[in-house]
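Please read it alongside the sequence and the coordinates.

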Amino acid sequence: MGTRMIAVEGQLAGNPEVEALYIRDNRTWYSPPGGWMAAQSGKWEQISVAGMAVQGISGTPNVFMAGLVFVDAKKGDSGQLRDQAGGGVGTWKVTMATG
């Protein structure tokens, strides 16, 4: 089996900007420059089936995506997110899954 990676789009309520996250099976993630997130790369942690916590390189909370389970994620999955750095809420959607 190949390396697994998922691409997720995150959007905050009231903010037209969409943030792209590329999440890898080695527990790292990155996002292209710009956008509303406080960090552009770092580590992620699976919090059981509750969701995924995405952290900056220094371990600071960045985004929590409720219900996102990395090993089961498939294109079209979606749910709610919380911007833990800025306090906003919004949605996430898986746009690609490999491996």
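The model is a predicted one, in which local features need pLDDT of at least 70 and side-chain atom pairs count only at pLDDT 80 or more, while totals for chains, interfaces and linings use all residues. Residues are numbered from 1 along each chain as its sequence is written, and side-chain values use heavy atoms, with hydrogens and water left out.

## The barrel and its strands

Eight strands close into a barrel in the order E1-E2-E3-E4-E5-E6-E7-E8, with antiparallel pairing. On average, and with direction ignored, neighbouring strands of this sheet are turned by 30 degrees against each other; the axes behind such angles are lines fitted to C-alpha atoms, for helices over the stretch in contact, and the angles run from 0 to 180 degrees between N-to-C directions. Strands (E, at least two residues) and helices (H or I, at least four) are DSSP runs numbered from the N terminus, and two strands pair if DSSP finds at least two bridges between them. Strands of a sheet pair through backbone hydrogen bonds, either parallel or antiparallel.

Strand E5, residues 51-56, is mostly covered, since five of its six residues are buried, where buried means under 20% relative accessible area, exposed over 50% and partly exposed in between (1.4 Å probe, protein chains only). On one side, six bridges join E5 to the antiparallel strand E4, residues 41-47. The two strands form a hairpin with three residues between them, and serine 48 in that turn has a positive phi of about 50 degrees. On the other pairing, five bridges join E5 to strand E6, residues 61-66, again in the antiparallel sense. E5 and E6 also form a hairpin, here with four residues between them, and glycine 59 in the turn has a positive phi of about 90 degrees.

Strand E3, residues 28-30, holds tyrosine 30 and pairs with E4 in the antiparallel sense over three bridges. The table lists bridge partners and opposite residues from these pairings.

| Residue | Stands opposite | Strand of the second residue |
|---|---|---|
| Glycine 42 | Glycine 56 | E5 |
| Alanine 53 | Phenylalanine 64 | E6 |
| Glutamine 55 | Proline 61 | E6 |

Asparagine 62 lies in strand E6, and it counts as buried because its relative accessible area is 1%. Leaving aside residues up to four places away in sequence, asparagine 62 touches residues including Trp29, Met37, Val54, Gln55, Arg82 and Asp83, a contact meaning heavy atoms within 4.5 Å.

## Aromatic pairs and charges over rings

A search of the whole structure finds two aromatic pairs. The rings of tyrosine 22 and tyrosine 30 have their centres 5.1 Å apart and their planes at 25 degrees, so this pair is stacked. Rings of Phe, Tyr and Trp (its six-membered ring) pair if their centres lie within 6.5 Å, and planes under 30 degrees apart count as stacked, over 60 as edge-to-face and the rest as tilted. Tyrosine 22 counts as partly exposed because its relative accessibility is 25%, and tyrosine 30 is likewise partly exposed at 31%.

Tryptophan 44 and phenylalanine 70 form a tilted pair, 4.8 Å centre to centre with 35 degrees between the planes. This pair links distant parts of the chain, 26 residues apart, with tryptophan 44 in strand E4 and phenylalanine 70 in the loop between E6 and strand E7 (78-83). Both tryptophan 44 and phenylalanine 70 are buried.

Each of these two rings also has an arginine over it: arginine 4 lies over the face of phenylalanine 70, at 5.5 Å from the ring centre, and the charged end of arginine 27 sits over the ring of tryptophan 44, 4.6 Å from its centre. A charge sits over a ring if NZ of Lys or CZ of Arg is within 6 Å of the ring centre and within 35 degrees of the ring normal.

## The salt bridge

The structure holds one salt bridge, defined as a side-chain nitrogen of Lys or Arg within 4 Å of a carboxyl oxygen of Asp or Glu. Aspartate 77 forms this salt bridge with lysine 74, the closest N and O atoms being 3.2 Å apart. Lysine 74 counts as exposed because its relative accessibility is 51%.
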